[in-house]
Amino acid sequence: MLEELDSQTEDIGKKLEAEPPLPIRRHEDEVYEWLENVERIKIRIQTIEQLGERKYLSRAHLVKLVDEKIGEVKELLQKGSLYSEISMKKQFKYVIIGGGVAAGYAAREFVKQGLKSGELAIISKEAVAPYERPTLSKAYLFPEGAARLPGFHVCVGSGGERLLPEWYVKKGIELILSTEIAEADLHSKTLTSSTGRTFEFQTLIIATGSRVIRLTDFGVQGADAKNIFYLREISDADELVEAIRAKKKGKVVIVGGGYIGLEVGAAMRINQFDVTMVYPEPWCMPRLFTKEIAAFYEAYYANKGIKIIKGTVAVALDADTNGEVKAVKLKDGRVLQADIVVVGVGAKPLTELFKGQVDEEKGGIRTDWNA
Ligand SMILES: Cc1cc2nc3c(=O)[nH]c(=O)nc-3n(C[C@H](O)[C@H](O)[C@H](O)COP(=O)(O)OP(=O)(O)OC[C@H]3O[C@@H](n4cnc5c(N)ncnc54)[C@H](O)[C@@H]3O)c2cc1C
């Protein structure tokens, strides 16, 4: 392990001094601290070895010290490999940013069209291979027989083959997970991750999807309390599932009467929560449902014990001394008790990475509709 640490130190030292500067320079302070820690631990290990040889320490004490140092060396090696990677450029013919539904289906299509091994990379902020996102507000929340990965990786949603992580390996597609792209330079065809790794592409597919609109975006007071949930990624759904367990049969307020609101409202009722839904429109899903269709669903929900409050919005949230949400204040003056709040008030396409580099239209990126 120490030899490995030595070669990392040498490699990282060279990268720090390279001209022109490599991306690792952006992390200069922490890398220098890492180098100092490596020196310190090497000296400490030498001292322990000498004390051991001279039998100044009991065997048990020696074993304990060695164990501790092994743990520290492992940690340093882990950090070191991250710093080593920072300055490594990876090049691909095709890169897809985003590892969601579009990315998974696109990968399948690439393979159909004769993709060669090593040509395609999918870079995703999420920690898992592309999956059918719609599951998160439905079967993922069931109290029994809930859907879990790997059961709903794409493309099962369309009745197609389930693409497990091994499928990508077999097809020579590099799945780069838990990696957020922080900068995209379309001119130099380079992407830089939040940890400084760089990726070059010939052709880029933007599949970053959307981000949820938050109550904080509207300046709703107290919207940063605990147990207020949004649903976009699997990690959000996991947090909600955890809260469902912790607040068993409690009270939930659902803010929003769209798809997410209606689906999560139903799921929470199935989990035996006392559910109240709030939305400003005169009926649910106004962009899709006529008044009559909405009336059918609202009656169905009411029949299942779900309370619906229309024509008003949440203006503030109160928290208890633990910072957990306890009530939702409405614009019309009503106050709803809540152990959990789930917000589904829409989403916005993630276009920030490409600002000024692409044409935008209706809040999204304009595409060539003739293509
Ligand atoms: C809970 C829920 C339920 C839904 N239910 C339905 C439904 O029943 N029917 C329906 O038709 N549609 C539904 N939708 C909508 C549907 O899921 C989306 O239309 C679809 O996921 C869009 O696919 P996408 O690949 O464009 O984006 P997404 O699937 O959102 O994937 C985007 C990916 O990009 C990643 N990403 C974003 N920024 C970066 C970055 N800078 N670097 C790296 N990675 C990044 C994200 O982490 C994510 O993995 C639902 C959506 C949600 C959230």
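In strand E6, Thr198 is the bridge partner of Thr192. The structure is a predicted model, in which local features need pLDDT of at least 70 and side-chain atom pairs count only at pLDDT 80 or more, while totals for chains, interfaces and linings use all residues. Residues are numbered from 1 along each chain as its sequence is written, and side-chain values use heavy atoms, with hydrogens and water left out.

Strand E5 (residues 190-193) and E6 run antiparallel and are joined by three bridges. Strands count as paired if DSSP finds at least two bridges between them. Strands (E, at least two residues) and helices (H or I, at least four) are DSSP runs, numbered from the N terminus. E5 and E6 form a hairpin with four residues between the strands. Gly196 in this hairpin takes a positive phi near 95°. E6 (residues 198-206) also pairs with strand E1 (residues 89-97). These two strands run parallel, and eight bridges join them. Tyr94 has Thr203 in E6 as its bridge partner.

A further sheet is open and has three strands, in the order E12-E13-E14. Its pairing is antiparallel. The edge strands, E12 (314-319) and E14 (335-337), each pair on one side only. Neighbouring strands of this sheet are turned by 25° against each other on average, direction ignored. Five bridges link E12 to E13 (residues 325-330). Ala319 stands opposite Val325 in E13.

Helix H1 (residues 2-17) and helix H2 (residues 28-53) cross at roughly 150°, and their axes come within 11 Å. H1 is therefore roughly antiparallel to H2. Axes are lines fitted to C-alpha atoms, for helices over the stretch in contact, and angles run from 0 to 180 degrees between N-to-C directions. Angles under 35 degrees count as roughly parallel, over 145 as roughly antiparallel, 65 to 115 as roughly perpendicular and the rest as oblique. The residues of H1 that meet H2 include Leu5, Ile12 and Leu16. Among their counterparts in H2 are Val31, Trp34, Leu35 and Ile45. By class, the contact of H1 with H2 (heavy atoms within 4.5 Å) has 11 nonpolar, two polar and three charged residues. Ala, Val, Leu, Ile, Met, Phe, Trp, Tyr, Cys and Pro count as nonpolar, Asp, Glu, Lys and Arg as charged, and the others, Gly among them, as polar.

The domain assignment, automatic or from a database, gives domain 1 (2-86), domain 2 (89-209 + 350-365) and domain 3 (215-347). The centres of domain 2 and domain 3, taken over C-alpha atoms, are separated by 30 Å. Their contact takes 15 residues from domain 2 and 13 residues from domain 3.
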